[in-house]
Amino acid sequence: MKSLVKKLMSTMLVTAMGVSLVGCGSSDTGNSTPTPSQSADAGTPATSSNDVVEIEFWYAWTDKIQENNINLAEQFNATVGKEKGIKVTPVYQGTYDDVHQKLQASFIAKQPPALSIMEIASTKLFAENGIIQSIEPFIERDNLDVDDFYDGLVENCIVNGEYYGLPYLRSTPILYVNSTLLEEAGLDPAGPQTWDELAEFSRTINSELGINGLTMYSYDWVFESFFLQHGTSVLNADETATNLNSEEGKEIFTFFQDLVNDGAVKVYAGADSSKVMPDVMNQNTAMWFSSTGDLTNNLAVAAENGFEINTAFIPAAQTYGVPTGGGNIVMTKGLSPAEEEAAWEYMKWLTDTDQTVYASIYTGYVTVRESAIEDPQIQALFDSTPQAQVALNQLEDYGHGRPMHPRYAEVRKEFVNAMDAIWVNGGDVNTTLDEIAAKVNRILTE
Amino acid sequence: MDIAKKILKGIFNVILVIIFTLPFYWMFLTAFKTLGQTLKIPPDFYVLDPQWVNFKTVFEKVDIIGMTKNSIIVTGGILLCQAITVIPAAYAFARYKFVGSNFLFGLTLGTMMIPAQLIFLPVFLFLSEFGLINTYASLILPSASSAFAIFMLRQTFMQIPEELVEAARLDKTSELQIMWKIMLPIARPTVMTLGLLTFISTWNDYFWPFVLTTNDAVRTLPVGIAGLKSVDGAALPYQLMMAGNVILVIPVIIAFMLAQKQIISAFTYMGEK
């Protein structure tokens, strides 16, 4: 009930913001032309007497991620920042959705922060609405080695051929297995490698141990990986139609529907995502999908309950394949030249090898630069926690971006509806998919 | 027959009490569990080894002292502002007939029907024009009056016999004094109830303090507590969220216990009238 109210509320928020954004877009073209000085005093932080440029960096999430953001800003302010006269203040703003909404509001109020975290699938929406700016000129000027970023992470930074952000706190989904249970069922504790094995493992676990082989919930992010594993994607290449009701789509839905019907796989509705962890914890399931960022937590849960965890690539259908997720760091539009320089300096520093190593070890997100793998601290981590390496290997060879359509947020909800309808409520594959695909195509082309 | 009725009534009361206290019991209980215990199926209804450390962790993760201070200032400010704006408005609507009074009253009631989600952006822009974002004023001003409170108090004022007011007027009592010395003491149950309702809704309010702030300077306790569940993907730390909630609701429970006696006695008085 509460989550329904919350959902309704956030939907209303998004709609309200969308409406106001459209209105603002047109009025802003008349507004932004005057003088650069106007935009300079528009940004809240002004240069103080000692010529220190103060900028804000808005971020999402608390806990380890918050601590990481604060620690890194402090390190920067004490070193590079001190040298160059830059002071970065990280400010917490809630979830990714909260950050996005507040960014829009602050843009309209002409008080945006210089830097912000941004959920990767939203980059295009904000770039096209003129809220964040292209950092292409800075990259070219400083010859930033963008090739060192993993390909799968960079896709969602680029809009119309230009960089609008750099990968910062990024992740991919992986398969977690309770290897203790797998061994008990007489299976390979490394986990299944292919979809056929996934089905076989699930059925064996269910018949041997009487628990769910695999527990998951209607999760659009993991859902994207199923399509990538079939050599396709949830949307077509130019994002004008969905592949939901394609041959592959129907195969995916039928595959899991059969397993659900046999009791080998348990799927919870999208709204019940929090029910997966209790199943893991109480050893009521042997396999589950989750973000690489959850590794530390999952290991702790396993230790507390006396079982072992392995990680594996999400099994391959025709190939392996996963989307990437998480947040990029972006620069807002309308900053003074000094603020732009300061913001760029921080972006560049934050996504450099040493910092991505720090952030990865501290939070569990992946390292965004390939060069980080040679870092002795990362090597030490792989030695002590080999499960962490799986994510990077998967990312390196099989990582992809996410769809960037400005209305993808709505599309994702429809995907969740499709999964709920078929896997949770036993709906018919063909009719449900045709119906929802038509809806999605309408959203994409409207 | 009578005994059977009493027993039935007793059972009914016990069920009611359980329904109302169970969520609170669950909150306190979860606050003292480990993460593992919170996810256990079947759940435990008792804790043998209370985890006081949860509270320590909450204090480390959230600036409880600073945010409580903010909550007190904002809640106090709103209560004060509403006392100043609501009581005279209710008195005027109840006792004066002036041109457009019905229209104005309708307009006041109309504001109750506009959802906050619809107006928060204009309010945000308006406050930011005046440079008030991230100040206490930005959290107090939008709630400085309350249509609901005006309506409730007006209804109470209207029930007070006209003779009382007329007698006072004959004694040359000023309107302000009539309002303050005669109307208000009689309307005390309503005032107390409204005060408590405003206190609870303001103290617990998450939406306004969250959307109207862009940094931690004036954020209130609910925003801080909500941050405890803002972890990306990982298992929700239920034990910390509930420990935070315990800290959050203790003042509300105390306020209710203090006001409870007054409210009950006041309502009894109303009934006997």
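Leaving aside its neighbours within four places in sequence, which residues is N243(A) in contact with? Keep that in mind as you look through the views below.

This is a predicted model, in which local features need pLDDT of at least 70, side-chain atom pairs count only at pLDDT 80 or more, and totals for chains, interfaces and linings use all residues. Residues are numbered from 1 along each chain as its sequence is written, chains are lettered from A and ligands numbered from 1 in the order in which they are written, and side-chain values use heavy atoms, with hydrogens and water left out.

**View 1. N243(A) sits in the loop between helix 11 (220-229) and helix 12 (247-261) of chain A.** Helices (H or I, at least four residues) and strands (E, at least two) are DSSP runs, numbered from the N terminus. Here is the reply to the opening question: beyond the neighbours within four places in sequence, N243(A) is in contact with F227(A), T232(A), S233(A), V234(A), L235(A), N236(A) and G249(A). Contact means heavy atoms within 4.5 Å. The side chain of N243(A) also reaches the backbone oxygen of L235(A), at 3.5 Å. With a relative accessible area of 18%, N243(A) is buried; the terms are buried for under 20%, exposed for over 50% and partly exposed in between (1.4 Å probe, protein chains only).

View 2. D63(A) lies in helix 3 of chain A and has a positive phi of about 60°, although it is not a glycine. Its relative accessible area is 29%, so D63(A) counts as partly exposed. The side chains of D63(A) and K61(B) meet in a salt bridge (2.3 Å, N to O). That term stands for a side-chain nitrogen of Lys or Arg within 4 Å of a carboxyl oxygen of Asp or Glu.

**View 3. Chain A and chain B share an interface with 1 salt bridge.** The contact takes 36 residues from chain A and 33 residues from chain B. Between them the chains bury about 2,800 Å², 60% of it on carbon and sulfur atoms. Buried area is the accessible area (1.4 Å probe) that two parts lose on being put together, summed over both. There are also 8 residue pairs in polar contact (both at pLDDT 80 or more) across this interface. A polar contact is a pair of N or O atoms within 3.5 Å; within protein, one must be able to donate a hydrogen and the other to accept it, and residues adjacent in sequence count only if both atoms are side-chain atoms. Helix 1 of chain A gives the largest share of the side of chain A that touches chain B, 7 residues.

**View 4. N143(A) lies in the loop between helix 7 (136-142) and helix 8 (151-154) of chain A.** Phi of N143(A) is near 55°, a positive value in a residue other than glycine. N143(A) is exposed, with a relative accessible area of 68%.
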